[in-house]
Amino acid sequence: MRVSLTTNERQVAIGLSFALALMGLIMAAAARHGPMSVHGIMAMALGLGLVFRLGGVLYEDPPASPDRDGHYDDGPTRAGITMALIWGLIGMGVGVWVAALLYWPEATPPWAATSFGRLRPVHTTGVIFGFGGNALIATSFYVLQRTSRTRLADALSPWVVLIGFNLFCAWAVTGYLMGETQSKEYAEAEWYADLWLVLVWIVYFVLYIRTLARRAEPHIYVANWYYMAFILVVAMLHIVNNLALPVSLLGAKSFTIWSGVQDAMIQWWYGHNAVAFFLTSGFLGMLYYFLPVRSGRPIWSYRLSILSFWGITFFYIWVGSHHLHYTALPYWVQTLGMTFSVMLLVPSWASAGNALATLNGAWHKVRDDATLRFMFVAAVFYGLSTFEGSFLAIRPVNSLSHYTDWTIGHVHSGTLGWVAMIIFGAIYSLVPLLYGRETMAWPRAVEWHFWLAVSGTLIYVVSMWNAGITQGLMWRTYNPDGALAYSFLDSVRAMAPFYLLRTIGGALFLTGVVICTLNCRATMRSAGQRQDARDRPLAPQPAE
Amino acid sequence: MAQTHEDHREVDPVTGHDTTGHDWGGIKELNTPFPKIALVFLLLAFAYSVVAWILLPAWPTGRSHTRGLLGLDQGQEALAGYRELEAGRKAWMSRFDKPDFAALSADHALLAEAMPAAARLFQDNCAACHGSNAQGGPGFPALNSGHWLWGGDPATVAETITVGINSADPNTRVSQMPSFDWMAIADRQTVAEYVASLPSGKADQSSAGAKLFADNCASCHGEGGKGGLQTGAPTLTDQSFIYGQDVETELTTLAKGRQGQMPTWAARLSPEEINLLALYVSRLPETAAGADGRSAAAVP
């Protein structure tokens, strides 16, 4: 961060860091105890740390070189990838641990902070926002600059986005450990963390728009449409679902302004579109950039890209109600959610098909290059999990699958098979480029990671399919005399082998991520010249 | 405009399609015609949706919504499904509407059908506290040991299930062990040691503990701790206990008292289900014998 800033920018950054520290102090002093004061102290420590780090080099390090504007700004991307890997280890490590607890609940340690209920959201927030979010932010900066042939609009705001977003993630997961939650799935963080994320997200959106406005290319590339949809719609979802009234401005607890079935509907409108615009749109942007670059093939059909983008963006917004089939939600809302879910399959498969058809003429590379194979598998799992999603949204199917582990299997076929695989493809493409090397430090380890990831995902998903269908059938089986054939406890006992398999699958996947992280670390440590010779020269910037 | 595109166009050798002329740092796009199959599937999915919208409740119309030609109502559907199952169970379940347990116990054909269903009922409603094998646990009495607090005959068990213990029901059974925190700690220790020795049958009846017990505890727990079924005070001379009959647990019991609760099930279970469960539970000591609830029930 330091080397890319001018002296003036360093001064502004110190001012911002000081403001952050002050905000933390005020939070800690106002709350006095409880999670909010701990979070205030965290913010203060981060702010002071940044003040010292920047202040120490303010006049000592040479300011950014005058030809800075002739290069892309990749510092935030490097930092974002590192954070994604760290959060990946935390989130997936906790995931494997809670999976093991389901098989072996007696192992739960006797402290509230390590109970299943508090650790589970650490897993979901850690992987979705920590791992996925940092990967999205990091790649979006990279892709935005390359496809616009311009440098990021300013040097400070990417750091504000990255550091601010990670502070949000850290607040969220430490809050859960202290028992702080809004009890809304994927939106557990409390009101002040949510407000903070709104600020960060506005900076992100403005940065993206400003950079795009300065582009030197006549057209906006598809990947940027998707990244834009991701940023814009996530802002809308986050704000509406998290509208809440704090019990006091001096404490963490708040209550949502929504109530009853409207609350449930808003929550799953948010929840499903978090899947759509966080876990799909942004990652399609990633796919649309790294797949053609790595395979050296043109996108198969520009027209299909357009259909997919608008189809996904339009249909997804409607489908949240399929999470509430057979509930107090009125039937007509369920019907709309179901039918739009079915129509959604067409643009989803159009995207997956477009990606796979792009590989025509590069299949030998898929065979030889594990990095490209990660992206190929990601596209396949994207197709599989979107089909499964539309299928599960059909009401009678949902009556079997709902509340079972089939849902967990479906989510992980999307997140492990599609989201994580495309992230690994992007990371293995980017890390050598960003650190001036031809390849990763250990090219063979990429191959190992690939097979660990694929086998881990398959074991996980297949065991959860079996678990879910077994549960669904056991719950609805009646004897001819009208009595239930199984007690609920029978269905819990029947899960043991599947939960063991799930833990093994998750552990294999986690092992792959550990290898990936070590590989990236080794690559970063043996960095060469950080300017990528393959980058096209930047277009001259307009005078400001 | 079109002219500049034409200038950059090139033919992709693999697919034979033109590119669009766009180029982003080496990324190009083919001008592949829109695949017909995608349009066909989109129309099919739309047709499915239109059919669903016509048949089912679908679109909002101000304060109401379209009802759909099938006239479906999910509340009615759920109720109909429940009634159908009720009808299936009625054949044998209706036999349990009167607590004539002697006659019910004698009907082996009925028991063979009803006891497995009762086992599931037990697992779904009772096992969370009383254990999946009715073995009990700290704070929750075992139901398979033959040591009953309120009585183990089916009629009494049915009453306990119906009104609960220290529950919200107006007719609830009431049982409280008061706190003995006023008693000197040394005395509590003495009496606790005496009570802990009761199950062995070798308690010293002339000890100071025995004297303290007779003065303070026997009014509920009976002379020599033999129990007072009428007040729900447990027998202290047998091998069963609720909270623990070691000195340490007893000191806690003496210091803080005990007010265990069993909820009333009258609102959740039907009278037939309560009678069915009562018969099942009263038979647990003879059928369980170390087996789990499921196999226990298989023995008629």
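This is a predicted model: local features need pLDDT of at least 70, side-chain atom pairs count only at pLDDT 80 or more; totals for chains, interfaces and linings use all residues.
Let me begin with Arg32(A), which is found in the loop between helix H1 (7-31) and helix H2 (35-57) of chain A, where helices are DSSP runs of H or I with at least four residues, numbered from the N terminus. Residues are numbered from 1 along each chain as its sequence is written, and chains are lettered from A, with ligands numbered from 1, in the order in which they are written.

Although Arg32(A) is not a glycine, its phi is positive, at about 65 degrees. Arg32(A) counts as exposed because it has 11 C-beta neighbours inside 10 Å, the cut-off for exposed being 12 or fewer other C-beta atoms within 10 Å, with C-beta atoms placed from the backbone.

Ser183(A), in the loop between helix H5 (157-177) and helix H6 (191-213) of chain A, is another residue other than glycine with a positive phi, here near 60 degrees. With 9 other C-beta atoms within 10 Å, Ser183(A) is exposed.

Turning to the interface, 45 residues of chain B are in contact with 40 residues of chain A, contact meaning that the C-beta atoms of two residues, placed from the backbone, lie within 7 Å. On the chain B side, the elements that give two or more residues are helix H2 (36-55), helix H3 (74-93) and helix H5 (108-125) of chain B, and the largest share, nine residues, comes from H2(B).

Notes:
A residue is buried if 20 or more other C-beta atoms lie within 10 Å of its own, exposed if 12 or fewer, and partly exposed in between; C-beta atoms are placed from the backbone.
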